[in-house]
Amino acid sequence: MVKNSFLKEKIDLKSPNKNITPVTTSIGSDGKLSIGGCSIEELVEKYDSPLYILDEITLRNSCRAYKKALQKYYPGESLPIYASKANSSVFMSNLISSEGLGLDAVSEGELLTALKGGVPNEKIVFHGNNKSDKEIEFAVRNNIKVIVDNDFDLDRLEKISNSFNHDLEIMIRFTPGIECHTHEYIRTGSFDSKFGFGIEYLNTLFTKISNTKHLKLKGLHAHIGSQIFELEPHKDLGEIMVNVIVEAQKFGHNIEELNVGGGLGIKYIESDDPPSIDEWVKTVSNSVVKACKKNNLDFPTLMCEPGRSIVSTAGITIYKIGAFKEIPGVRTYLSVDGGMSDNPRPITYQSNYSACLVSNPLNISSKNKYTIAGKHCESGDVLFKEIELADCKTGDLICVFGTGAYNNSMSSNYNRIPRPAALLVYDGEAEIIQMRESPLDLLKYDVLPDRFIKQN
Ligand SMILES: *Cc1c(COP(=O)(O)O)cnc(C)c1O
């Protein structure tokens with residue numbers, strides 16, 4: 001009996017966010033799971049578990065979908081910018097820039113990772129609601145454009161530009177007051193948000209910027225949330241942002257860049273049905289174009305900042321099954337060798353995923369329902385509540401799909417558990433892009449004061 005029908009669905013090559021699995025997912029003649037032409041079992045034999053795996057073709061297809069759609073639908077200049085918080089590494093930075101995308105960063109660490117990965121400074125933007133002095137100086141020194149989030153940012157940038165005595169281009173972030181149906185924690189575009197200037201404050205802000213000697217208002221940014229399946233909010237956003245450009249003109253500011261943020265959702269489970277990348281870009285582009293024409297405005301450079309929809313579907317996590325605990329009449333717990341340290345999303349957002357057994361991805365041989373628990377000391381460390389799996393036993397491997405975004409980047413060492421290795425797969429070859437941590441690595445920053453050493 002075939003149960004995991006998501007493994008039988010037709011794969012959308014052009015818009016990976018519409019699939020649960022990476023586009024190269026296949027089931028070999030032995031009935032076992034392979035990604036990027038690599039047998040998952042063989043990868044775990046060689047690299048151990050838990051294991052993060054990224055599929056190169058899925059990643060590149062997602063990048064190209066954004067680039068192509070922007071070129072197709074938007075008559076002005078455009079640039080997709082990868083939101084690196086979704087998955088930040090030297091490898092990701094390198095791949096993104098090889099596809100011609102820009103990158104957004106929110107810390108000195110993410111900025112450094114982008115530069116080391118070869119992203120050109122002029123394609124990087126720097127976000128954050130509480131940037132440190134050191135981070136701002138790092139960005140300015142490296143000619144990276146700062147997105148001003150608040151007056152604190154503005155005052156410091158004004159001082160820096162005055163001390164250098166030359167002009168500094170900035171973008172500003174504002175909250176457009178758009179509600180969207182996503183989890184409350186990741187809703188950022190509404191009035192009650194820690195990010196950005198309130199829309200009602202913008203006229204004051206325009207005057208403030210006009211009164212600086214060297215700050216040049218180059219761009220406008222807004223981001224309304226994440227894992228969004230509706231197109232309407234982004235259609236509204238395009239229009240609202242163009243209206244702000246028109247308003248800014250009255251204060252003498254010529255805004256040339258319009259950055260609509262990210263937020264396009266992906267398919268985690270079978271009932272999810274996000275728009276395609278093409279549809280999303282078309283909606284945003286049409287809305288900006290229409291509003292520009294109405295206001296007789298030159299087309300600004302259109303930027304968007306996808307994170308999840310670039311990297312999530314490309315990523316899977318492999319776990320090994322250990323202990324079983326059956327509570328008769330209640331449930332059966334099956335514990336795996338990772339959990340909330342490598343994927344904190346279920347415990348944080350109650351987020352859902354799809355999974356299968358690596359040795360038997362399709363064939364559900366019985367109606368076993370399991371609760372898949374992590375190995376951490378929290379009762380809430382549960383990756384799946386009640387999932388149907390084929391018959392399985394200790395030592396079998398489980399593949400969780402859609403883990404490319406906000407897993408590795410949000411991972412921790414809770415319970416002093418080392419982070420997994422990460423691999424890139426392409427055309428039957430696997431390469432390491434992140435080494436597995438060891439328990440000893442975790443002691444590297446521990447310090448015992450001298451007098452305690454003497455005592456013992
Ligand atoms: C998180 C974030 C993004 C990316 O959001 P996704 O939902 O992953 O596409 C883009 N821009 C900003 C400012 C963000 O905070």
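**Salt bridges and nonpolar cores**

In this predicted model, the count comes to 20 salt bridges, a salt bridge being a side-chain nitrogen of Lys or Arg within 4 Å of a carboxyl oxygen of Asp or Glu. The model is treated with confidence limits, in that local features need pLDDT of at least 70 and side-chain atom pairs count only at pLDDT 80 or more, whereas totals for chains, interfaces and linings use all residues. Residues are numbered from 1 along each chain as its sequence is written, and side-chain values use heavy atoms, with hydrogens and water left out.

Side chains of opposite charge can pair when their charged atoms come close. R60 belongs to helix α2 (residues 56-73) and E99 to the loop between α3 (90-98) and β6 (102-105), so the pair ties together parts that are 39 residues apart in sequence; helices (H or I, at least four residues) and strands (E, at least two) are DSSP runs, numbered from the N terminus. E99 is buried, its relative accessible area being 11%, where buried means under 20% relative accessible area, exposed over 50%, and partly exposed in between (1.4 Å probe, protein chains only).

The side chain of E99 also meets that of R64 in a salt bridge, at 2.8 Å, N to O. This pair links distant parts of the chain, with R64 in helix α2 and E99 in the loop between α3 and β6, 35 residues apart. R64 counts as partly exposed, at 42% relative accessibility. A network of salt bridges links E56, R60, R64 and E99.

A further salt bridge joins the side chains of R331 and E386 (3.7 Å, N to O). Here R331 lies in strand β15 (residues 331-336) and E386 in strand β18 (residues 382-389), distant parts of the chain that are 55 residues apart. R331 is partly exposed at 27% relative accessibility, and E386 is likewise partly exposed, with a relative accessible area of 40%.

The largest nonpolar core has 76 residues, and those with the most contacts inside it are L59, L157, I172, V260, I310 and V311; a nonpolar core is a set of buried Ala, Val, Leu, Ile, Met, Phe, Trp, Tyr and Cys residues joined through side-chain atoms within 4.5 Å. Helix α9 (residues 277-294) gives the most to this core, with eight residues. Domain 1 (5-54 + 316-443) and domain 2 (57-311) both give residues to this core, so it lies between them, the domain bounds coming from an automatic or database domain assignment. Apart from this core lies another, of 23 residues, among them F6, I316, V358 and A421.
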